[in-house]
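Q: Please take a close look at one pairing in this model. Then place that part in its wider setting.
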Amino acid sequence: MKEILSAVVLSALFVAAPVSAQVYVGAGLGIANTDSSEFSWKILGGYQHDRHWGIEAAYTDLGSYRGSSADSLSLALTGTLPLDRRWALMAKAGVASNRTRVAGSSDHADALVGIGVAYAVSRRFGLRLEYEQYGRVAGPGSPFNDRADNLALVGKVSF
């Protein structure tokens, strides 16, 4: 009886997991805008549940901000609209934990939104051009009200 129950549970897990589910990692370079335009870089990892929905975590270095540095940790749900076999439009929404080292500022969370276009070079490798808005850079205790955004070219490898 235990063997039958185990077989049923394992079968259900394999049936419930979509064939197109993929884990991926990636990295990108871009231009961030805070109080000035700066070179940015990011690393990311995610899980694409099916052709349309996924979840992604990322670390983005936003460059220099008011003579100090700024970065963000983010977690977002992703939506993908395939246009054909290789091209897709994408969007993301989630939360970003923004951090600066400017005196008087603090780490804080803000909304993250993004849009982009993706191109599948092969079954396992893809490129995407994405624009993300991170919300306020400095925390509520800061006298500054600058917002951060980033335009980046990202490469990703799926497993």
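Which residue in S5 stands opposite Ser-72?

A: Asn-98 in S5 stands opposite Ser-72. The model is predicted, so local features need pLDDT of at least 70 and side-chain atom pairs count only at pLDDT 80 or more, while totals for chains, interfaces and linings use all residues. Residues are numbered from 1 along each chain as its sequence is written, and side-chain values use heavy atoms, with hydrogens and water left out.

S4 and S5 (residues 87-100) are antiparallel partners, with 13 bridges. Strands are DSSP runs of E, at least two residues long; helices are runs of H or I, at least four; both are numbered from the N terminus. Two strands pair if DSSP finds at least two bridges between them. S4 and S5 make a hairpin, and four residues lie between them. S5 also pairs with S6 (residues 108-120), antiparallel again, over 12 bridges. There, Ala-109 in S6 is the bridge partner of Ser-97.

Now step back. The chain holds one helix and eight strands. Its pattern along the sequence is α-β-β-β-β-β-β-β-β. The eight strands close into an antiparallel barrel, in the order S1-S2-S3-S4-S5-S6-S7-S8. On average, neighbouring strands are turned by 25° against each other, direction ignored. The axes behind such angles are lines fitted to C-alpha atoms (for helices, over the stretch in contact), and angles run from 0 to 180 degrees between N-to-C directions. S1 (residues 22-33) pairs with S8 (residues 147-158), antiparallel, over 10 bridges. In that pairing, Leu-29 faces Leu-153 of S8.

Next, the packing. The largest nonpolar core has 12 residues, among them Leu-62, Ala-70, Ala-96 and Tyr-134. Such a core is a set of buried Ala, Val, Leu, Ile, Met, Phe, Trp, Tyr and Cys residues joined through side-chain atoms within 4.5 Å. Buried means under 20% relative accessible area, exposed over 50%, partly exposed in between (1.4 Å probe, protein chains only). S3 (53-65) and S4 (68-82) each supply at least two residues of this core. Leaving aside neighbours within four places in sequence, the contacts of Leu-62 include Ser-72, Asp-71, Ala-70 and Ala-148; contact means heavy atoms within 4.5 Å. A second, separate core has five residues, including Tyr-24, Leu-44, Ala-58 and Ala-152. Tyr-24 also has the charged end of Lys-156 over its ring, 4.1 Å from the centre. That label requires NZ of Lys or CZ of Arg within 6 Å of the ring centre and within 35 degrees of the ring normal.

The aromatic pairs number two. Rings of Phe, Tyr and Trp (its six-membered ring) pair if their centres lie within 6.5 Å; planes under 30 degrees apart count as stacked, over 60 as edge-to-face and the rest as tilted. Trp-41 and Tyr-59 form a tilted pair, 5.5 Å centre to centre with 55° between the planes. Trp-41 lies in S2 (residues 37-48) and Tyr-59 in S3, so this pair ties together parts 18 residues apart in sequence. Trp-87 and Tyr-119 have ring centres 4.7 Å apart and planes at 50°, so that pair is tilted. Trp-87 sits in S5 and Tyr-119 in S6, 32 residues apart. Trp-87 counts as partly exposed, at 40% relative accessibility. Tyr-119 is partly exposed too, at 30%.

Finally, chain totals. Buried residues make up 37% of the 159 residues.
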